Amino acid sequence: MALIEFKNKPDLTTPITADALNHNFNEVAIQDSGWLPLSLINNWASLGTSWPTPSYRKINNQVFIRAIIGGGTLNSICATLPEGYRPIGTQYLVSATSVNTGGVIRITTDGNIRVQNDADWVDLEFSYFTD
């Protein structure tokens, strides 16, 4: 898969023909890590095979995380992301939980993902940019 970008800035005052469009773009490669396993710690565990396997991926500079987990304790780290997948600033994300309130997930620049709410399960389905 690839993105396209303009070779030259288009002149918006002149009608653009299909031929001109075909010759005015460069192909830009998309870098995709594919889904990688997210190692859970501190008694956090996946809720089972009915839910997504805890995992993460990076497409260009956007990181995606998916998991539904439970069993851990309030305000504990559930996983740590490797370098290259960490945010440039602390991220606070809202999550669905078993107690029908928005839970807070904090991802710090050292890659720690911390669940900041007390619930039987937490949905980790979010994305953020690394730069």
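This is a predicted model: local features need pLDDT of at least 70, side-chain atom pairs count only at pLDDT 80 or more; totals for chains, interfaces and linings use all residues.
Colleague: What makes a set of residues a nonpolar core?

Modeller: The members must be buried Ala, Val, Leu, Ile, Met, Phe, Trp, Tyr or Cys, joined through side-chain atoms within 4.5 Å. Buried means under 20% relative accessible area, exposed means over 50%, and partly exposed is in between (1.4 Å probe, protein chains only). The largest such core here has 20 residues, and the ones touching the most other members are Ile 65, Leu 81, Ile 105, Ile 107, Ile 113 and Leu 124. Strands S6, S7, S9, S10 and S11 each give two or more residues to this core. In soluble globular proteins, nonpolar side chains tend to be buried together.

Colleague: How do you know what counts as a strand or a helix?

Modeller: They are DSSP runs numbered from the N terminus: at least four residues of H or I for a helix, at least two of E for a strand. The protein has one helix and 11 strands.

Colleague: Why are S9 and S10 called paired, and which way do they run?

Modeller: Pairing needs at least two bridges found by DSSP. S9 and S10 are joined by three and run antiparallel, so they pass. Ile 105 stands opposite Val 115 in S10. S8 and S9 also run antiparallel, with five bridges, and there Gln 91 stands opposite Ile 107.

Colleague: Which residues of S9 are on its covered face, and which on the uncovered one?

Modeller: Gly 103, Ile 105 and Ile 107 are on the covered face, while Val 104 and Arg 106 are on the uncovered one. In a regular strand the side chains alternate between the two faces of the sheet.

Colleague: What makes the contact of Arg 57 and Asp 32 a salt bridge?

Modeller: The rule wants a side-chain nitrogen of Lys or Arg within 4 Å of a carboxyl oxygen of Asp or Glu. For Arg 57 and Asp 32 the N to O distance is 2.6 Å, so the pair qualifies. By this rule the count comes to one salt bridge. Arg 57 lies in strand S5 and Asp 32 in the loop between S2 and S3, so the pair ties together parts that are 25 residues apart in sequence.

Colleague: Are Arg 57 and Asp 32 buried, partly exposed or exposed?

Modeller: Arg 57, at 17%, is buried, whereas Asp 32, at 41%, is partly exposed.

Colleague: What is the phi of Asn 42, and what of Asn 43?

Modeller: Phi is near 55° for Asn 42 and near 70° for Asn 43, both positive in residues other than glycine. Most residues other than glycine have a negative phi. Asn 42 is in the loop between S3 and S4, and Asn 43 is in that loop too. At 43%, Asn 42 counts as partly exposed; at 64%, Asn 43 is exposed.

Definitions and conventions: Residues are numbered from 1 along each chain as its sequence is written. Side-chain values use heavy atoms; hydrogens and water are left out.
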